[in-house]
Structures are given as C-alpha cells and as structure tokens.
Amino acid sequence: MRLILLGAPGAGKGTVAKKLTALDGSVQISTGDILRAAVRDGTALGKQADAFMKAGDLVPDALIMGIMGERLLEQDCANGFLLDGFPRTIPQAEELGNLLTKLNIKLDFVVNLDVPRDVILDRLTTRRTCSNPACQAIYNIKSMPSKVDGVCDKCGSPTIQRDDETEEAISKRLDTYEEKTAPLANYYEKIGLLLNVNATSSEAVVKAISDKLA
Ligand code: ADP
Ligand code: ZN
C-alpha cells in the first residue's frame, strides 16, 4: 500500500503505521524519527533541525524535501510505504506530488485521523518513549503502561518523555498543526484522495483503511 497518514501530533499516526506495515510489508517512513536520529547522531541535518524541533516548530521544507527525495528512492519502498508525519505543509504536499509523478508512483489515498483536541492533549502529556534508539517503543502511563514503571518491556531501557512533550511545546505543536498542516485535508479532499477517519482506537482505524484498500 502507498498511503499518507495525516493527523495532529498524538492522533496515532505512528501506531497505525506500525500495524499497517505488519499487513503487507510496506515500510513506515516517519520524518520525525529520521530527524530525531539525525539530532542524536549529531549530523549536519540534526544540527540544523534541533532548535526547530525543541521549540515545537516545523523544520524548513527544503530540509525535509531533501530527506524524502532520497528516502523514497531506497529499495524497501518498492513494496509500498506509509508516510507518517510528511507532508506537513502545502508546499511539501505539492513537491511530493511532483516527486511521485517523476518516479511514476501512485498513492492509494490519504488518511486523515480526526481526533478531538482534548483527547490529543491527554495522550501527549501521558506518552512515554523508550530511550533506546534501536527500540523506541511507545507507552502511555494511563492507557498502555509498561509492566515496570519507567522501564521498557521490550528492551529494559528507561522510558522517557520526549523533549518536545512538555506542556508548552505540545501546545505550540498543536497550534502549528492547525495553521500549517490541517489545511492538507482539504487539499487532498479536492483532488479526491482523502479518507477521513474519526475512530479513536487504532484497530478501528486500521480496519477502515483495510476496507477501503480491498
Ligand atoms: P508528532 O507527529 O508527534 O508531532 P513527529 O515525530 O512527526 O511528531 O515530528 C516531531 C518534530 O519533527 C515536529 O514537531 C517537527 O519539528 C519535525 N518534523 C517532522 N516531520 C516534519 C515535516 N514533514 N516538516 C517539518 N517538520 C517536521
Ligand atoms: Zn525499548
């Protein structure tokens, strides 16, 4: 499958993407994960992205397009891909459209995960992520706690709150989302590619997507 997953931070894009990859071997491509890895490794890209990310701002379009232009050429994309966290702005969507046309790749559709703001806020402040870069398992202290508080079930590393998951950064990320990314739903609706999903459970979202693909 070849899908774009749209939705506010905390809408569940990552969780849904992971479940979908298990269905047919499509790869999840998360620009957030790529950027966090670059910051951790101290690469040139990471150095440029770090301050934007900590503040809850978007990283400039040119940097993101550079990443994605290369990523979509990698072999593993041949089996399909789930774009998680990209595109985030109208210019990114337009450039992605050009890129896909050039590569002769057709999207199946664009999924918009429509989740109320209070649900999102609650999810983000209670989210914990495994600190082991090779694992990055996600937990929620209310709805999906690790067996031992603060310790990853999968690898035993400490679970942490991301730098950009303080109340202040979260509220900034949600505002940025409303302003820059929410208009993409309308953009894809107009070109007939949008599937809007209101479900709050990831299983129900995966089902809606599978039904539409069938
Ligand atoms: P979430 O969806 O939980 O906000 P992500 O992991 O997708 O988080 O992204 C984390 C941060 O990385 C964003 O707040 C932003 O600074 C940056 N980022 C990720 N993807 C993009 C993108 N497509 N365009 C611009 N910035 C991005
Ligand atoms: Zn772990």
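Biologist: How many salt bridges does a search of the whole structure find?

Modeller: The search finds twelve, a salt bridge being a side-chain nitrogen of Lys or Arg within 4 Å of a carboxyl oxygen of Asp or Glu. This is a predicted model, in which local features need pLDDT of at least 70 and side-chain atom pairs count only at pLDDT 80 or more, while totals for chains, interfaces and linings use all residues. Residues are numbered from 1 along each chain as its sequence is written, chains are lettered from A and ligands numbered from 1 in the order in which they are written, and side-chain values use heavy atoms, with hydrogens and water left out.

Biologist: What makes D33 and R36 a salt bridge?

Modeller: Their closest N and O atoms are 2.9 Å apart, and the limit is 4 Å, so the pair counts. Both residues lie in helix α2 (residues 31-41), three residues apart, about one turn of the helix. Helices here are DSSP runs of H or I with at least four residues, strands are runs of E with at least two, and both are numbered from the N terminus.

Biologist: Why is D33 called partly exposed?

Modeller: Buried means under 20% relative accessible area, exposed over 50%, and partly exposed in between, with a 1.4 Å probe and protein chains only. D33 has 27% relative accessibility, so D33 counts as partly exposed.

Biologist: What do K172 and D57 tie together?

Modeller: The side chains of K172 and D57 meet in a salt bridge of 2.6 Å, N to O. K172 lies in helix α7 (residues 167-181) and D57 in the loop between α3 (44-55) and α4, so the pair ties together parts that are 115 residues apart in sequence.

Biologist: Why does C130 count as buried?

Modeller: C130 has 4% relative accessibility, which is under 20%, so C130 is buried. C135, at 24%, counts as partly exposed.

Biologist: Which residues are the protein donors of the zinc ion (ligand 2)?

Modeller: They are C130, C135, C152 and C155, each through SG, lying 2.3 to 2.4 Å from the ion. Donors are N, O and S atoms within 2.8 Å of the metal (3.2 Å for Na, K and Ca); water is not among the atoms, so sites may look incomplete.

Biologist: Why is the site of the zinc ion (ligand 2) called tetrahedral?

Modeller: Four donors count as tetrahedral if all angles lie between 85 and 135 degrees. The angles among the four donor atoms are 98 to 117 degrees, so the site qualifies.

Conventions. Four donors count as tetrahedral if all angles lie between 85 and 135 degrees; four count as square planar and six as octahedral if opposite donors are over 155 degrees apart and all others between 65 and 115; anything else is irregular.
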